[in-house]
Amino acid sequence: MKFNIKFKDFAAADVNPAAGLYHFVVTMSDNTQIRLIFSKNPDWKLIGVNRLLTVPCPICRRDYYCNCMSKYAEELEREVLDNELISSVL
Ligand SMILES: [Zn+2]
């Protein structure tokens, strides 16, 4: 199944400028929530993608841990950086 990357909300979660580590929580249009872990050194880079277990995975329908979102890391990173979402919430 194709996963439609459409952000509904983007929020800062854990922010640690000294370590250059920033956690954000994305809510997708289907209510899937994903934690995105970015490093800034000095450019932003997505280093981790974890689906929060609030709703079942839109791809495999599991309601426990799965790895589906990692396949979309590139698209997720581009969506965040192209739309300058980080500077809009920090
Ligand atoms: Zn899955």
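The protein chain forms an open sheet of four strands in the order β1-β2-β3-β4, with antiparallel pairing. The edges of this sheet are strands β1 and β4 (44–51), each of which pairs on one side only, and neighbouring strands are turned by 25° against each other on average when direction is ignored. Helix α1 (residues 73–82) packs on the sheet, where it touches β1, β3 (33–40) and β4, and the direction of the helix makes about 125° with that of β4. The model described here is predicted, and its local features are reported where pLDDT is at least 70.

Taken as a whole, the protein chain contains two helices and four strands, and from the N terminus on these elements follow one another as β-β-β-β-α-α. The radius of gyration is 13 Å, close to the 12 Å that the globule rule gives for 90 residues, so the protein chain is as compact as a globular protein of that length. Along its principal axes, the C-alpha trace spans about 35 × 20 × 20 Å. Buried residues make up 11% of the 90 residues in the protein chain. Of the contacts between residues at least 6 apart in sequence, 28% join residues that are at least 24 apart.

Strand β1 (residues 7–16) and strand β2 (residues 21–28) run antiparallel and are joined by seven bridges. Within this pairing, phenylalanine 7 has methionine 28 of β2 as its bridge partner, while alanine 11 is partnered in β2 by valine 25. The hairpin of β1 and β2 has four residues between the strands, and in this hairpin glycine 20 takes a positive phi near 70°. Strand β1 is hardly covered, since the count of buried residues among its ten residues is zero.

In soluble globular proteins, nonpolar side chains tend to be buried together. In the present model, the largest nonpolar core has seven residues, namely Tyr22, Phe24, Val26, Met28, Leu36, Phe38 and Leu76. Strands β2 and β3 are the elements that give two or more residues to this core, and β2 gives the most, with four residues.

Phenylalanine 24 touches Phe10, Ala11, Ala12, Ala13, Leu36 and Phe38, when residues up to four places away in sequence are not counted. Leucine 36, which is placed in strand β3, is classed as buried because 24 other C-beta atoms lie within 10 Å, where the cut-off for a buried residue is 20 or more. Not counting residues up to four places away in sequence, leucine 36 touches Phe24, Val26, Leu46, Val49, Leu76 and Val80. Leucine 36 and valine 26 are ten residues apart in sequence, and their C-alpha atoms are 7.4 Å apart in space.

Conventions
Residues numbered from 1 in each chain as written. Predicted model: local features only at pLDDT ≥ 70, side-chain atom pairs only at ≥ 80, totals over all residues. Rg over C-alpha atoms; globule rule 2.2 N^0.38 Å. Buried ≥ 20, exposed ≤ 12 C-beta atoms within 10 Å, placed from the backbone. Contact = placed C-beta atoms within 7 Å. Pairing = 2+ DSSP bridges. Axes fitted to C-alpha atoms, helices over the stretch in contact; angles between N-to-C directions. Core = buried A, V, L, I, M, F, W, Y, C linked by C-beta atoms within 7 Å.
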